[in-house]
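Please read the following report alongside the sequence and coordinates, which are shown here before the discussion begins.

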Amino acid sequence: KAGVNPSAAKRLPSTFWNKFVEMSSRLGAKPEDLAQVINSESGFDPHATNVQGGRIIAKGLNQLIEKTAKSLGMSNAEWQNYENLPAEDQLKYVEKFFRSVGKITGVGPKWDSATQLYVANFAPKYVRQASNPNTVLYSRSENREEYEKNKGLDRDKKGHITAGDLAR
């Protein structure tokens, strides 16, 4: 991802990690599973951004997109400054996001795996099928825009991104 500092996790204070573990517990997720997702998305760099076409399309620890951030109650001013918030302050929105997806999909209050959490973060409508590694999340032919934004995950160049791709 653009703007990711690979050593960011090492610089986070113990207060962050304590809050992260508490949040994971409230969500019904193993901290190590949620950590795999956050690490994959941002390397635990709260300043991480994903820039495409000269514009920031995702920000922060779990790479929220603007539309999702607004649905979680984030104001325009908060969105504009989100990647500048400390990691501890971003946890509020990470928790809101996973709680919302869990409620909408009926998966919460217990998350089964890192893959399920990653699918929730990446393609929430497929979270119930996350345990099937062949579940197609985005394809070049059906979800071209989403596929193109994330085609790096299609390491086998098969023209679609699966739950198994995320698990790897």
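## Fold and dimensions

The model is predicted, and its chain holds nine helices and four strands. Read from the N terminus, the elements follow the order α-α-α-β-β-α-α-α-α-β-α-β-α. The radius of gyration of the chain is 15 Å, close to the 15 Å that the globule rule gives for 168 residues, so the chain is as compact as a globular protein of that length. Taken along the principal axes, the box filled by the C-alpha atoms is roughly 45 × 40 × 30 Å.

## Burial, contacts and charge

Of the 168 residues, 46% count as buried, and among the contacts between residues at least 6 apart in sequence, 49% join residues at least 24 apart. The accessible surface of the chain comes to about 8,800 Å², with 49% of that area belonging to carbon and sulfur atoms.

## Helix H6 and its cover

Helix H6 comprises the 19 residues 87–105, which at 1.5 Å a residue should span 27 Å; the end C-alpha atoms are 27 Å apart, in agreement with that expectation. Directly after H6 comes Gly-106, whose phi is positive, near 80°.

The buried residues of H6 include Leu-91, Tyr-93, Val-94, Phe-97, Phe-98 and Val-101, and also Gln-90 and Glu-95. Among the elements that cover the buried residues of H6 are helix H2 (14–27), helix H3 (31–42), helix H4 (66–71), helix H5 (76–81) and helix H7 (114–122).

Definitions and conventions:
Residues are numbered from 1 along each chain as its sequence is written. This is a predicted model: local features need pLDDT of at least 70, side-chain atom pairs count only at pLDDT 80 or more; totals for chains, interfaces and linings use all residues. Side-chain values use heavy atoms; hydrogens and water are left out. Helices (H or I, at least four residues) and strands (E, at least two) are DSSP runs, numbered from the N terminus. The radius of gyration is taken over C-alpha atoms; the globule rule is 2.2 Å times the number of residues to the power 0.38. Buried means under 20% relative accessible area, exposed over 50%, partly exposed in between (1.4 Å probe, protein chains only). Contact means heavy atoms within 4.5 Å. Accessible areas come from the Shrake-Rupley method with a 1.4 Å probe; for residues, only the protein chains shown count as cover. The expected span of a helix is 1.5 Å times one less than its number of residues.
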